Amino acid sequence: MYAAHPVSIYEENPAAACPSIGCKKGRLVSTLIPDAQGAFNVTLPEAQYVMDVAQQSIGSVQGAPAEIGIMAGRITTVSINIDTGIR
């Protein structure tokens with residue numbers, strides 16, 4: 001279920017003068033496939049990033065896109081709610 005919602009990590013484009021987070025996507029850094037429990041992890045260098053989740057024709061995603069700041073030596077936790085649409 002969660003594998004149908006890949007998580008993409010982009011460098012944040014600070015030059016993007018726009019109000020929405022989604023338009024601040026820069027270069028794609030990583031694409032992650034959540035495991036059966038919906039968990040994923042990646043090691044990234046210290047920087048600002050934009051995280052987004054692929055939308056599907058059914059269900060919904062809350063919590064993405066999101067701006068995330070990575071600091072050296074720290075763990076950053078991000079919560080995303082994925083409704084698969086399966087009942």
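Predicted model: local features only at pLDDT ≥ 70, side-chain atom pairs only at ≥ 80, totals over all residues.
Me: How many of the 6 residues of β1 are buried?
Reply: 5 of them are buried, so β1 is largely enclosed by the rest of the structure. Buried here means under 20% relative accessible area, with exposed over 50% and partly exposed in between (1.4 Å probe, protein chains only). Strands are DSSP runs of E with at least two residues, and helices are runs of H or I with at least four, numbered from the N terminus.

Me: Which strand do 5 bridges join to β1 (residues 7–12), with Ser 8 opposite Thr 31?
Reply: That's β2, running antiparallel to β1, and Thr 31 is the β2 residue opposite Ser 8. Two strands pair if DSSP finds at least two bridges between them.

Me: And what about β3?
Reply: β3 (residues 47–53) is also antiparallel to β1, joined by 5 bridges. Tyr 10 stands opposite Val 50 there.

Me: What's the strand order in the open sheet?
Reply: β2-β1-β3-β5, 4 strands with antiparallel pairing. The edges are β2 (25–32) and β5 (66–70), each pairing on one side only.

Me: OK, new topic: what does Asn 81 touch?
Reply: Ser 60, Val 61 and Gln 62, not counting residues up to four places away in sequence; contact means heavy atoms within 4.5 Å. Asn 81 is in strand β6 (residues 81–83). Asn 81 and Ser 60 are 21 residues apart in sequence and 8.1 Å apart C-alpha to C-alpha.

Technical notes
Residues numbered from 1 in each chain as written. Heavy atoms only, no water.
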